Amino acid sequence: MNDSDSQSNVDNENTPSEGAVISGLLARPGDVLPGVIDLVPVTERPFFPAQVMPLVLATEQWLETLRHAHEKNNNILGLVYADAENSSSAAPDDFRPMGTACRIHQIHQQDDTLHVVLVGVERFSIRQWHSRERPFTARVEYFPEKSEDDTTEIKAYTTAIINVIKELLPLNPLYGEELKQFLGHYGPSDPSRLADFGASLTTASGTELQEVLEILPLYPRLEKALVLLQKELEIARAQMEIRKHVESEMQQRQREVFLREQLKYIQKELGISKDDRTAEVEKFRERIEALEVPEHALERMDEELEKLSILERGSPEYTVTRNYLDWLTILPWGKYSNDQLDLAQASRVLDADHEGLDDIKNRIKEFLGVGIMKGSVSGTIILLVGPPGVGKTSLGQSIARALGRKFYRFSLGGMRDEAEIKGHRRTYIGAMPGKFIQALKEAGTSNPVIMLDEVDKIGASFRGDPASALLEVLDPEQNHNFLDHYLDVRFDLSNVLFICTANTLDTIPSPLLDRMETMRLAGYLSSEKIDIARKHLLPEQLVGAGLRKRGDLSIDRAALRRLVEEYAREAGVRRLDKLLARIVRKAVMKLLEGESRPIRVRASDLEEYVDKPLFKPEKPRTGIGQVTGLAWTAMGGATLTVEARRVHGFGRGFRFTGQLGDVMKESAEIAYGYVLSAAEDLDADPAFFRDSMIHLHVPAGSTPKDGPSAGITMACALLSLCRGRKPAANLAMTGELTLTGGVLPVGGIREKVVAARRAGIKRLILPEANRGDFEMLPDHVARGIRVDFASRFEDVTALVFR
């Protein structure tokens with residue numbers, strides 16, 4: 001087909017319709033190019049002269065432009081690189097100043113897109129815009145390629161570009177196709193076209209390629225194109241290295257798979273091979289032979305092994321059966337650790353791990369002594385009850401260490417699913433045994449020490465009641481035949497030593513509590529906390545911070561005492577440990593800043609290390625209507641001042657404040673009712689209450705208070721107000737009052753006595769029923785405190801108002 005035929009073919013097509021094709025127009029250097037042409041923006045990369053490239057345009061936006069170029073401009077279209085997201089959103093201000101005039105070679109419309117094949121003809125620059133709306137048109141100036149003498153530099157650059165292209169060809173087959181297209185129209189002896197072609201081969205950014213397009217002098221254009229080609233060569237080499245590495249890895253794996261299959265076949269032919277199923281069956285049988293499995297469990301294992309040997313490995317039931325056998329054969333059937341039945345060794349371990357707690361350690365030694373006498377430690381469930389941080393969990397670890405048993409701990413706090421205790425039924429993939437079977441697997445023996453932490457925080461939901469499920473586990477009469485739903489085979493838990501921990505007994509179900517041996521950890525005295533900090537907490541913090549025990553930091557005993565009494569008054573030692581950690585961290589900072597060793601921390605330095613004290617020294621207030629009581633809190637014991645005041649005399653009334661709980665509100669009502677009804681017997685004027693508004697307050701009002709131990713304290717405050725007499729100085733009391741004047745026993749005697757000692761109070765009034773609790777206190781707690789016991793309120797008044 002000649003040029004005139006091609007031209008007439010295009011002229012007969014006014015507008016390209018769906019599926020229409022315009023073809024046969026080849027660009028020739030001698031063609032006359034129009035001065036005003038239609039422009040189309042391209043946003044990915046610019047178009048170079050002598051380049052053949054397809055272009056996809058939206059029919060709605062660019063059909064008019066193509067029609068105008070076809071009818072008015074002899075199929076010449078200008079492509080200009082634009083700084084925009086896409087061609088449709090490009091505006092004239094986004095157009096770069098230089099582009100490439102192209103001849104439309106072919107148009108094919110499909111659906112809403114136009115597929116256009118373009119052939120680059122010549123560079124141009126935009127001189128004047130004729131239309132800044134679509135179709136974009138502008139007057140342009142062309143820059144035809146000028147023939148230049150082949151200087152040495154140009155030949156060198158041309159050769160270098162050709163060599164780089166040769167190196168690129170083996171790395172990417174696509175370069176070969178583009179090179180064939182180029183050589184079909186031009187030769188390597190055309191340096192200008194070669195520079196443009198070399199730049200178009202690269203994957204450089206559109207901005208870098210536009211820089212090449214805008215360079216008109218040949219020498220710098222060749223130089224820029226060579227730089228881009230060198231970068232492309234480095235990228236291609238790196239890609240080839242990555243591809244070779246990946247292929248090598250894949251070939252190695254394929255080779256291993258192939259060799260493994262060959263090995264299996266050879267072993268099978270020689271009669272020495274075992275398939276995976278046979279190997280697993282033999283593995284389970286070897287496990288069984290190493291265990292002392294009861295008859296009923298052995299029968300179940302044989303049944304499951306027979307089933308496993310006939311199932312297909314790809315079936316879901318095979319996986320379920322295999323996992324079940326794995327659990328059955330990995331449990332420590334008949335495996336027991338040898339107990340260290342040495343009471344002296346147990347005492348040394350307990351004393352080394354814990355400071356104070358003599359009563360608890362004696363109870364534990366009694367329990368271990370009985371086990372030593374009968375030859376085995378089992379059959380009892382220990383419940384350690386106490387505030388947080390008093391050492392319940394570490395006591396359990398010490399018991400395990402004293403006996404030489406494995407230790408396993410898990411928390412029951414928030415547990416709401418019965419299956420966590422007794423396992424999931426094997427009705428679905430992913431079912432598992434309960435926590436106790438998992439503990440035995442982890443421990444590897446049938447007689448570990450299992451600690452059930454936070455037993456008072458166990459929950460319940462629609463999935464069941466875990467607390468009820470624990471009844472079977474923690475009952476010595478039942479747990480020798482414990483049945484886990486997953487195993488469906490009974491396992492003997494009677495040799496396991498269970499130790500439970502709780503902060504309070506109120507939320508533990510009575511049937512569960514009845515199965516436990518309760519041991520109360522009341523908390524530590526100030527002297528015990530100081531010893532714990534000095535012997536245990538501080539050395540651990542120093543080691544954790546990379547300091548020497550004595551050469552880097554020393555804390556005075558007076559500083560430790562102030563830290564305990566003014567910063568960490570709780571029953572446990574967790575806050576004390578955190579405060580010591582803060583001191584150590586600040587000491588480390590001082591050492592790193594160059595301060596001399598050792599750093600000494602005195603009592604007066606504490607505010608620099610741990611801020612201001614949280615607690616002020618307790619000074620009991622005395623006066624008419626003011627009586628000091630004793631209270632138990634989660635942080636230990638505390639003194640509590642109860643205040644009574646006559647507000648006015650315009651009418652009878654009684655009110656109480658201080659954020660009191662329901663129990664304390666009842667105590668206040670009972671105290672007021674008893675004093676009012678027995679005023680004459682208590683040497684008080686009944687007329688005082690007839691027209692008086694009485695206000696009872698328990699500071700501080702922001703702290704919630706509750707408990708049944710403030711009855712006699714409130715009654716004494718009201719009686720002091722009515723009589724107009726001050727109560728005895730340096731005196732505190734605790735006890736509940738009945739409506740008939742009886743004094744009932746209360747709890748937390750040890751903590752309350754410690755609080756009185758801390759406040760400097762030397763006289764206490766306690767209920768007669770608590771005499772035994774006081775007499776059981778260690779000597780260093782009760783020493784120096786005078787205690788009077790009362791069974792009636794008259795006994796209390798005789799002591800308070802002497």
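Predicted model: local features only at pLDDT ≥ 70, side-chain atom pairs only at ≥ 80, totals over all residues.
Figure 1. Seven bridges join S3 to strand S6 (residues 113–131), and the two strands run in the antiparallel sense. At Pro54, the bridge partner in S6 is Val117.

**Figure 2. The stacked pair of Phe654 and Tyr672.** The structure contains 18 aromatic pairs. In the pair shown here, the ring centres of Phe654 and Tyr672 are 4.3 Å apart and the planes meet at 10°, so the arrangement is classed as stacked. Phe654 belongs to strand S19 (residues 653–657) and Tyr672 to helix H22 (residues 662–677); the pair thus links distant parts of the chain, 18 residues apart. Both Phe654 and Tyr672 are buried.

**Figure 3. The edge-to-face pair of Tyr674 and Phe793.** With ring centres 5.6 Å apart and planes at 85°, Tyr674 and Phe793 form an edge-to-face pair, because plane angles over 60 degrees are counted as such. Helix H22 supplies Tyr674 and helix H28 (residues 793–800) supplies Phe793, a link between distant parts of the chain, 119 residues apart. Tyr674 is buried, as is Phe793.

**Figure 4. Charged side chains over aromatic rings.** Lys441 is placed over the face of Trp327, at 4.4 Å from the ring centre. Arg723 has its charged end over the ring of Phe801, 4.9 Å from the centre of that ring.

Notes: Residues numbered from 1 in each chain as written. Heavy atoms only, no water. Pairing = 2+ DSSP bridges. Helix = DSSP H or I, 4+ residues; strand = E, 2+ residues; numbered from the N terminus. Phe/Tyr/Trp six-rings, centres within 6.5 Å; stacked < 30°, edge-to-face > 60°. Buried < 20%, exposed > 50% of the residue type's maximum accessible area, 1.4 Å probe, protein only. Lys NZ or Arg CZ within 6 Å of the ring centre and 35° of its normal.
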